Amino acid sequence: MSETSQDWEARVAALWRQLDAITPEQLVAQADALAAEQPADDALGLFERACARDTAGLEAEAEPLYRAALASGRLDPYRQARASIQLASTLRLLGRLEESESLVSVQLRRYDEPAYGKALYDETRATLALTYLVQGRAVEAACLALTTLAPHLSRYNRSVAGNAAEILKNTALASSWS
């Protein structure tokens with residue numbers, strides 16, 4: 001990373017550290033000013049502009065910026081995961097639940113690629129659980145959340161994961177009988 005890139009990244013980080021001390025309008029304006037220092041199609045600039053709008057409650061304005069950042073193919077895996085999670089959350093808030101689920105599912109498949117890594121894997125699963133919940137799929141949401149949590153427990157990891165899988169299986173069987 002060049003010294004100029006490091007400086008820009010440091011200034012972006014400094015902006016986010018001020019989040020509680022500035023208004024949403026100031027956040028958007030400052031993110032836009034930082035992004036303007038980069039080429040118009042710069043993935044990081046687009047991503048930061050989307051994040052600022054999302055944080056400011058401007059989901060409809062954030063959506064095309066997230067999409068452009070993701071479409072560029074130039075986000076590192078960590079920011080790609082963040083952009084996917086945040087866009088999926090934005091879509092959920094906009095009531096576009098199937099799109100939200102699809103986007104998160106695609107992100108989860110990326111984790112199957114050995115070179116991709118596991119950055120924000122649990123967070124991606126949590127986002128999918130939230131989407132399931134809003135879709136009215138509470139049992140699937142709870143089971144996904146429990147299987148995501150299970151590896152982090154100090155005890156009963158296998159029991160929690162196994163019970164969640166069994167509940168999900170029994171729920172699927174019961175719904176297939178109706």
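Predicted model: local features only at pLDDT ≥ 70, side-chain atom pairs only at ≥ 80, totals over all residues.
Residues are numbered from 1 along each chain as its sequence is written, and side-chain values use heavy atoms, with hydrogens and water left out.

Let me start with the layout. The chain holds nine helices and zero strands, where helices (H or I, at least four residues) and strands (E, at least two) are DSSP runs numbered from the N terminus. The C-alpha trace spans about 60 × 30 × 30 Å along its principal axes. Of the 178 residues, 37% are buried; here buried means under 20% relative accessible area, exposed means over 50%, and partly exposed is in between, with a 1.4 Å probe and protein chains only. The accessible surface is about 10100 Å², and 57% of that surface belongs to carbon and sulfur atoms; the areas come from the Shrake-Rupley method with a 1.4 Å probe, and for residues only the protein chains shown count as cover. If we take contacts, meaning heavy atoms within 4.5 Å, between residues at least 6 apart in sequence, then 50% of them join residues at least 24 apart.

Now to the interior. A nonpolar core is defined as a set of buried Ala, Val, Leu, Ile, Met, Phe, Trp, Tyr and Cys residues joined through side-chain atoms within 4.5 Å. Which residues touch the most other members of the largest nonpolar core? They are Phe-47, Tyr-66 and Leu-75, in a core of 38 residues. The elements that give two or more residues to this core are helices H1 (3–17), H2 (24–35), H3 (43–55), H4 (59–71), H5 (77–93), H6 (97–110), H7 (121–134) and H8 (138–149), and the largest share, seven residues, comes from H3. Phe-47, leaving aside residues up to four places away in sequence, touches Tyr-66, Ala-69 and Leu-75, and also Arg-79, Arg-82, Ala-83 and Gln-86.

Let me turn to charge. The chain carries 18 positive and 24 negative side chains, and the centres of the two sets lie 7 Å apart. In that count Lys and Arg are positive and Asp and Glu negative, with His and the chain ends not counted, and the place of a charge is taken as NZ of Lys, CZ of Arg, CG of Asp or CD of Glu. A salt bridge is a side-chain nitrogen of Lys or Arg within 4 Å of a carboxyl oxygen of Asp or Glu, and by this rule the count comes to 14.

Asp-32 forms a salt bridge with Arg-53, with the closest N and O atoms 2.7 Å apart. This pair links distant parts of the chain, since Asp-32 is in helix H2 and Arg-53 is in helix H3, 21 residues apart. Asp-32 is partly exposed at 23% relative accessible area, whereas Arg-53 counts as buried at 7%.

A second pair is Asp-41 and Arg-74, whose closest N and O atoms are 4.0 Å apart.

Within helix H4, Glu-63 and Arg-67 lie four residues apart, about one turn of the helix, and their side chains meet in a salt bridge at 3.0 Å, N to O. Glu-63 is buried at 11% relative accessible area, while Arg-67 counts as partly exposed at 32%. Salt bridges that share partners also join Asp-32, Arg-49, Arg-53 and Glu-61 into one network.

What is the nearest side chain of opposite charge to Arg-125, which is buried yet has no salt bridge? It is Asp-122, 4.9 Å away. Arg-125 sits in helix H7 and touches Leu-108, Leu-144, Thr-147 and Thr-148, again not counting residues up to four places away in sequence.

Finally, two backbone details. Leu-120, in the loop between H6 and H7, has a positive phi of about 65° although it is not a glycine, and Leu-120 counts as buried at 16% relative accessibility. Tyr-156, in the loop between H8 and H9, is likewise not a glycine and has a positive phi of about 65°, but Tyr-156 counts as exposed at 56% relative accessibility.
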